[in-house]
2 protein chains.
Amino acid sequence: VAAGDKERLGELLEPLHSADIADFLEQVDSAHRREILFLAGNKIDGDVLSELDEVLREEVIEFLPKEVLDEAVRELETDDVVDLVEDLEDEQQEAILDALEDADRVAVEQALTYPEFSAGRLMQREVVAAPEHWLVGDAIDYLRETEEDLPEQFYHVFVVDPKMAPLGYVTLGKLLSAKRSTPLSDLFEDSFRTIPVLQDEEDVAYAFNQYHLISAPVVDDGGRLIGMITIDDAMGVLDEEHEEDILRLAGVGESSLSDRVIETTKQRFPWLAVNLVTAILASLVIAQFEETIAQFVALAVLMPIVASMGGNAGTQSLTVAVRAIATKDLSPSNVWRVVRREALVGLTNGVIFAVVMGVIGVLWFGTPMLGVVIGVAMVVNLVVAGLAGILIPVALERFGIDPALASGAFVTTVTDVVGFFAFLALAGAVLL
Amino acid sequence: VAAGDKERLGELLEPLHSADIADFLEQVDSAHRREILFLAGNKIDGDVLSELDEVLREEVIEFLPKEVLDEAVRELETDDVVDLVEDLEDEQQEAILDALEDADRVAVEQALTYPEFSAGRLMQREVVAAPEHWLVGDAIDYLRETEEDLPEQFYHVFVVDPKMAPLGYVTLGKLLSAKRSTPLSDLFEDSFRTIPVLQDEEDVAYAFNQYHLISAPVVDDGGRLIGMITIDDAMGVLDEEHEEDILRLAGVGESSLSDRVIETTKQRFPWLAVNLVTAILASLVIAQFEETIAQFVALAVLMPIVASMGGNAGTQSLTVAVRAIATKDLSPSNVWRVVRREALVGLTNGVIFAVVMGVIGVLWFGTPMLGVVIGVAMVVNLVVAGLAGILIPVALERFGIDPALASGAFVTTVTDVVGFFAFLALAGAVLL
C-alpha cells in the first residue's frame, strides 16, 4: 500500500467508516502515516479528525493541505469543532477557527469560555425549541419550514416559556403519531430534566446513564435554554471516565497507544517513584528484624507470601470500593455495612489461607511453630487489607482526592508494612 | 422512616425516579428493605425492578404482593422483561411470565431462546418498518394510525424489502422536516448497519460506540428484520463490560455491594488461591539462595523492592494492553511497535530507578557492589515487566482467554520470579 499507489489507497479507504479510517491511521507508524496523508489527504474529512486520538490530531492537522483541513472543519457541528480544537496549540486552533463561518466561529469561541469538562463544552447550540402554547401541527409546520437549519441529529422538541426556560419535551415519535390539534404540553415525557451549563461532564454522563436520557436541554444560570446534550456525547464521556478509572487504578495517567517512548516513560514514572518510596518503607520494617532473619532464613523465604496475599486482597476490596464510589453506590448510609462485610470476608479468607499456608509451612520447613506464625500473620494481614481497601478510598474521596488515583499506593503500603511486621515480629517472639 | 409511617414513606418515594428508588433499596439493609416493601410495595413498579441490582431482585420479587408484581411486569417492554427474568430461578421466572399477556409472553420466551449475551437478548421486537416504495407521507399516515402500538422509544423508521430485509433507515427528524412526497429511500442515513441476532453483545456495544449509532435493526440468519437495539441498551452493556474489565483486572469476579459475606468470600477466593501458588513459586526461587541470604541479610531487606517495582511496572503495561485489546486498538499490525515501546520505557525507567536505588543501597549498607547489584536487577526486571505486561495479554487473547481475567497472575509471577532471581543470583555471584 505504501508503495505510492494513490488510487489503490483511495479505493481501500473509500468504503471505510471515518472511525475506522482514524483507527487505521492510529495503527500505522509515523512515517507511513505521513505518506498516507500525502497520498490520500482528500479522504480525511472532519469526522475522521474527530475520531482521531488527541495525540495524533496535531500531527495529522499539520500534514493536511490547508484546503482539505478547511473543508473538513466546516462540515462539523460546533460541538465537534470544540472537541477538536480544545486541546490544540494556539496556532493550530487559530487556523481552524479561521476556516469556520463567522456564526460558527462565535459559537465555538463561546463554548471555549466554559470550563473544561463542563456541560458547556459538551453541548451543541443547535436545538429545536417551541413556545408552550404550540400544538403538534404548529411544531410540524415549523420543522418543515426550517428544514435546512435543523440540527443533524435531534430526538426531542424542547418546549420553552417566554423567558426561554425549558418546561418539558416531546419525543419526535409522539409528535409524528399524535393528532395535529394536540397541545405539545399534553405529550411531555416524564424523563425530562435540565442540565446546568457548568455541571461537570462526569455528572452529566451519570444522569444520562441513570435516568436513560436520550437528549437533555442545557440551561444557563438564569434557567434559560442555551443548548442540548445528546446521548452519544454522554456515552463518549462515560467511556473516557471508565478508561481514566482503569488506568489510574493501575498507576498510569492519561495514556494512549500512540504516545511515544518519552511521554510514556513520563506517565509511568510518578507512580513507580511513589512505589519505590512505599517499598523502601516496607524494607525499613524488614530491616528491624535483620537479626531474626539471620538466625532463621526460612523467614526471608516465606515473608513475601504474607505481603503478597495482603496486597492482592487489598486490591480486590479497593477496586470494588472505587467502582462503587464512581457509580454512587457507596454512600455514608451503607459504608459501615460494607466495611463490616469486608472485614468478615478478610477474616474468612484469612482463616482458610492461614490453614493452607500453615500446613505448607510445616511440611516445607518441618517447624510447627513456623506454620502457626505464618497462619496468624496471614489472618491479620487479610483483615487489615479488607479494611484498608475500603476505608482508604472512602477517606480520599472525602478529602476531594480521586480514590482511583491514589488508593493503590496507600493500600499496598499498609498491607506490606503490616504483613512483614506481623510475620517477622511474631516469628521473633515465638521462634527465637 | 422505618417507624412504620406508611404515608410519609410514600410521600418521600413519590418524587423519586425509579432508578433512585432502586438505589435506595440497595443501600438500606435487608430488614429495612423488607419493611419498606411491606409499607410501600405499591411504589415499586416495573422500572424499579429493572433498575435493581440482580442480587436483590429475587429478594424484592419474593416480598412483593402478587398483584403489585403482575402490574409492574405488564408495564415493561419485552426487552426489559427479558433482562428482568433471565437470571431468576425457574419458579420466579414462571410467575412473571404468567403475569404477561400472551403475545408478550411468547416474545419473551422466544428472546430467552437466544444465547445469553447475544444481540437477541438485548433487542426489542417492537419496531417501525416501512416498505421500500413508501413516501414520507405514507410513513407519517401509518404512524398516526398505529399510534397505540408504536414502541415507547424509537428513533428511526426502518425501510425493508418484500422479504423483510432492512435496506436503510430514516431518522424521525428527517421524516418530520421532509416534504410528504419525498421517497423514504432519498432520506437514508449513512450510519445504517444491521446487527446479526447472534452477535455478541460486547460487539454490539462496540459498534454503537464506534459508529455513533442511535438504533440499529437486528436481523436473523436469513437477513430478515426481527427487532431493534437502541443506544440506551448499548450504553448499559458498555457500562457492564467496563465494570467487568476493571473488576477482573483486580481479581474480583462479578460482584456487587449487595452481595453477602459468603458470596463475596467465594468471589475473591479463586484469585487469592492463584496468587498463593504464584507467591509460593517466587518463594521457591528465594529458597535456592538461602545460603546467600544467611551470609548477607541485607539481601532479604532489599529483595522485595526489586520485585515490587517490577510488579508495578508490569501492571502498568498490562492495564494499557488490556484496555487497548478491549477497544480493538491493539492489533497484529501494531503489536510489535508497542512491544518495542514498552521495552524501551522499561529500560528508561529501569535505568533511572537503578541509579536512585543503587545510591540508596550504597548509603544504607555501605557496600558499593550491593548498589550495583540492585541497580542491574532493577533494569532487568523493569524491561521484563514491560515485555510481559504486553505479550502475556496478547497471547491470552490469541488463545481465546479474557486477558483482563488472567493476565495479572501471570505478569506478577514473572516479575516476582525474575526480580528475586536476578537480584539474588547476581548478589551471590558478585558479593560472596
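Student: How much of chain A counts as buried?
Tutor: Of its 432 residues, 56% count as buried. Keep in mind that this is a predicted model.

Student: What helices and strands does chain A have?
Tutor: Chain A has 20 helices and six strands.

Student: And how far does chain A span?
Tutor: Its C-alpha trace covers about 90 × 60 × 35 Å along the principal axes.

Student: How does its radius of gyration sit against a compact globule?
Tutor: Chain A has 29 Å. For a compact globule of 432 residues, the value would be near 22 Å.

Student: What about contacts in chain A, how many link residues 24 or more positions apart?
Tutor: Such pairs make up 67% of the contacts with a separation of 6 or more.

Student: New topic. How many cavities are there?
Tutor: The structure holds five of 30 Å³ or more. The largest cavity has about 1,000 Å³ of space.

Student: Which residues are closest to the centre of that largest cavity?
Tutor: A:T315, A:T412, B:N312, B:T315 and B:T412. They belong to a lining of 43 residues.

Student: Which helices supply that lining?
Tutor: In chain A, α14 (231-249), α15 (261-287), α17 (298-326) and α20 (403-431) each supply at least two residues.

Student: Which one gives the most?
Tutor: α17(B), with nine residues.

Student: How does the lining of the largest cavity divide into nonpolar, polar and charged?
Tutor: There are 21 nonpolar residues, 20 polar and two charged.

Student: Now the second largest pocket. How much space lies there?
Tutor: About 520 Å³. The pocket is lined by 32 residues. Nearest its centre are A:F154, A:L172, B:T171, B:L172 and B:G173.

Student: Which helices supply at least two residues there?
Tutor: α12 (172-177) of chain A and α12 (172-177) of chain B each do.

Student: And how does the pocket lining divide?
Tutor: Its residues are 14 nonpolar, 10 polar and eight charged.

Student: Let's look at single residues. Where does A:F289 lie?
Tutor: In the loop between α15 and α16 (290-295) of chain A.

Student: Is A:F289 buried or exposed?
Tutor: A:F289 counts as buried, because its relative accessibility is 12% and the cut-off for buried is under 20%.

Student: What is A:F289 in contact with, leaving aside neighbours within four places in sequence?
Tutor: A:F421, A:L424 and A:A425.

Student: How far apart are A:F289 and A:L424?
Tutor: In sequence, 135 residues. In space, they are 6.6 Å apart, C-alpha to C-alpha.

Student: Over to chain B. Which phi does B:F117 have?
Tutor: A positive one of about 65 degrees, although B:F117 is not a glycine. Its place is in the loop between α9 (102-113) and α10 (119-122) of chain B.

Student: What is the relative accessible area of B:F117?
Tutor: It is 42%, so B:F117 is partly exposed.

Student: And what about the phi of B:H212?
Tutor: B:H212 has a positive phi of about 50 degrees, and it is not a glycine. B:H212 lies in the loop between α13 (201-211) and β5 (215-219) of chain B. With a relative accessible area of 39%, B:H212 is partly exposed.

Terms used. Residues are numbered from 1 along each chain as its sequence is written. Chains are lettered from A and ligands numbered from 1 in the order in which they are written. This is a predicted model: local features need pLDDT of at least 70, side-chain atom pairs count only at pLDDT 80 or more; totals for chains, interfaces and linings use all residues. Side-chain values use heavy atoms; hydrogens and water are left out. On a 1 Å grid over the protein atoms alone, a cavity is a set of points where a 1.4 Å probe fits but cannot get out, and a pocket is an open set with protein on both sides within 12 Å along at least five of seven lines; lining residues have an atom within 4 Å of a point. Grid points are joined across faces, edges and corners, and a volume is the space filled by probe spheres set on the points. Helices (H or I, at least four residues) and strands (E, at least two) are DSSP runs, numbered from the N terminus. Ala, Val, Leu, Ile, Met, Phe, Trp, Tyr, Cys and Pro count as nonpolar, Asp, Glu, Lys and Arg as charged, and the others, Gly among them, as polar. The radius of gyration is taken over C-alpha atoms; the globule rule is 2.2 Å times the number of residues to the power 0.38. Buried means under 20% relative accessible area, exposed over 50%, partly exposed in between (1.4 Å probe, protein chains only). Contact means heavy atoms within 4.5 Å.
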